[in-house]
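Me: I should like to learn how to read the features of a protein model. May we work through one together?

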Amino acid sequence: MSADYAHLCSAILEQCFGKVVQSVADCLFSATTRTLSQIASSTNFPRKEVGLALAVLIKFRLVSFEPSKSNSYLPEYSLRREDVICLLRYSRYIHLVQTKYGNVGASIAEELLNSGSETATGVLLKCLADNENKAESAESYRNTFIQMISDHYIIKTPELITGEEQDELVPKFLKNECDFFMHPNIDLQLLAKIRNGEATLANAPDGNMVWNLNYDRFHQEFRDDLMKLAIERKLGDNAAECFRFILNIMYNTTDPWQRKASNQVTFVEIKQAIERKSNNLDLMKHLDQYISLITDDSLGFLRRVGDMGGGQYIVDFERSFESLAFACVESVITERFGSKAARIFRVIRFKKYIEQEDLQKEAMIPAKEAKSLAYNLFQEQFIHVKCIKKPGGGGSGPAKAFYLFQIKEKDTVRMLLDICFKALYNTIRRSNFEKSEHKGLIEKSQRLDSIVEAMKERGEAEDYIAEIAETFTPPECEILNKVKHRIKTLSKAELTLDDTIFLLQMYQHHCTTLPTGIQKFK
């Protein structure tokens, strides 16, 4: 992990949990594992505060622990570095759930995200106690919760081993993949009694089953949306709908996070699925043409590998995310250096290795300008130089050297990812600075808004309300509007940067052998 990512994680954790948790996480980030005593001595916080900070991080699945190799009674803690950035995606997770399950699902997801992890009964009690969605019954919340488990958006954390099976001081957990999506026993009658004060949460039958959101399932949806959106923009809505059905069929036989390519899908399976579930007559009529269109496209999302069943196809994740990632890289180069620099980058990538003289001819750019642009790209590490030496005549003369431009694709993506981490860190810091610098003005505006709302509810005279509102002077209004505009712009930048980071992380997962933190179950 880079220093830029370390700074970003530190800023995110400070924003979400405060200074103590941030210091503990920074300490864990700099080492593979640490004990409680080591963290306390490194951060200069009391053991009690460090323990509470670790408890928070464990509850939010950002820290894991296991017995020390040298002493089985001593726990060692490690930070799940890849999951820290997921804290920034909470709004995207809630929005996705809302589009699929409505306000009830969004309420459940929000409570789980705010709690980190919670029992099913505990989540439903918090949702029902909320003022929103009063018309919804406890049964609808229960059914939605169970449906989200069935669709793998909610996953059960491994159960704590208790009793005689646990003979050591460090807690151990039973990981059984078959139980991760087993439906809990939610007693609606007991739920009503707890709400009326006739029973307590300790009486709930599902007290030992703790649930949290399954980040990888959400990231699977985001990844599929990236691919479908790319096809929709380039080939149209019908092609995107066709590819959506191909993905749905693919998941019946393929691990969602298979790195290189999916298992085979036949034309007959695609056709039967579309005839059964789609009302798009144009897609049904020209299905073979749409599949050929996707297969022949330069993006390389779909590849034909056989002729059985009307044709066998695989989804080529490696080539797909290579195309998408380098479209992003070229876009960055165009914005920073212009379209001619992007053309030089494409020529080098196509040729693999190329000399300076050949580069300016292939790119059809004047020699002086081509040299200047190539130097700028080399200086910013978008392209690299490979030196090839050839012995002189007779083996005794001076060696000839040839300097070839090349692109180290994995290094380029990693470098751009670090730039995104740095930009996102700067955006968060700037947003926090704007909020703290104008804290008094923002709080005054919020207090005034609440007073005006209360006066309107009481039915006060309009003249009196206007008089109160005028206590916020025009210069203050102007400053506040500028601050709000800056904060809104920074928030949009955060979302855009996170989209780019996610795309480049998908490239690292599907196009490299680097560990990416994506597992089937965590």
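This is a predicted model: local features need pLDDT of at least 70, side-chain atom pairs count only at pLDDT 80 or more; totals for chains, interfaces and linings use all residues.

Me: Let us begin with helix α4. How many residues does helix α4 have, and what distance should they span?

Reply: The idea is to compare an expected length with the distance between the two ends. Helix α4 covers residues 47-59, which is 13 residues, and at 1.5 Å a residue these should span 18 Å. The end C-alpha atoms of α4 are 18 Å apart, so the two values agree.

Me: Which residues of α4 are buried?

Reply: A residue is called buried when its relative accessible area is under 20%. In α4 the buried residues are V50, A53, L54 and L57. They lie on the same side of α4, because they cover an arc of only 100° around the axis.

Me: Which exposed residues does the face turned away from the buried side of α4 carry?

Reply: That face carries K48 and L52, both exposed. As for the buried residues of α4, their cover includes the helices α1 (3-17), α2 (19-29) and α3 (36-43), together with the strands β1 (63-67) and β2 (75-79).

Me: Where is K352 placed, and is K352 buried or exposed?

Reply: K352 is in the loop between α15 (339-351) and α16 (356-363). With a relative accessible area of 54%, K352 is exposed, since exposed means over 50%. K352 is not a glycine, yet its phi is positive.

Me: What is the phi of M364, and where is M364 found?

Reply: M364 is not a glycine either, and its phi is positive, about 55°. M364 is found in the loop between α16 and α17. At 68% relative accessibility, M364 counts as exposed.

Me: Let us consider charged residues next. How many salt bridges does the structure hold?

Reply: Side chains of opposite charge can pair when their charged atoms come close. The structure holds 27 salt bridges. One of them joins K19 to E14, with the closest N and O atoms 3.1 Å apart. K19 is exposed, at a relative accessible area of 55%, whereas E14 counts as partly exposed at 22%.

Me: Which other residue forms a salt bridge with E14?

Reply: R429 forms a salt bridge with E14, and their closest N and O atoms are 3.3 Å apart. This pair links distant parts of the chain, for R429 is in helix α18 (residues 409-437) and E14 is in helix α1, 415 residues apart. R429 counts as partly exposed, at 39% relative accessibility.

Me: What distance separates the closest N and O atoms of D316 and R303?

Reply: The distance in this salt bridge is 3.2 Å. D316 is in the loop between β10 (312-315) and α14 (317-337), while R303 is in strand β9 (residues 302-306). D316 counts as buried at 9% relative accessibility, whereas R303 is partly exposed at 37%.

Me: Which residues are linked in a network of salt bridges?

Reply: The network links R89, R92, D498 and D499.

Me: Finally, which residues make the nonpolar surface patch?

Reply: To read a patch, one notes its members and its area. The residues Y375, F378, V385 and Y403 make a nonpolar surface patch of about 420 Å². F378 is in helix α17 (residues 367-379), and F378 is partly exposed, with a relative accessible area of 39%.

Definitions and conventions:
Residues are numbered from 1 along each chain as its sequence is written. Side-chain values use heavy atoms; hydrogens and water are left out. Patches are made of residues with over 30% relative accessible area and no salt bridge: like charges are joined within 9 Å, nonpolar side chains (Val, Leu, Ile, Met, Phe, Trp, Tyr) within 5 Å. Accessible areas come from the Shrake-Rupley method with a 1.4 Å probe; for residues, only the protein chains shown count as cover. A salt bridge is a side-chain nitrogen of Lys or Arg within 4 Å of a carboxyl oxygen of Asp or Glu. Helices (H or I, at least four residues) and strands (E, at least two) are DSSP runs, numbered from the N terminus. Buried means under 20% relative accessible area, exposed over 50%, partly exposed in between (1.4 Å probe, protein chains only). The expected span of a helix is 1.5 Å times one less than its number of residues. The arc is that of the directions from the helix axis to the C-beta atoms. Contact means heavy atoms within 4.5 Å.
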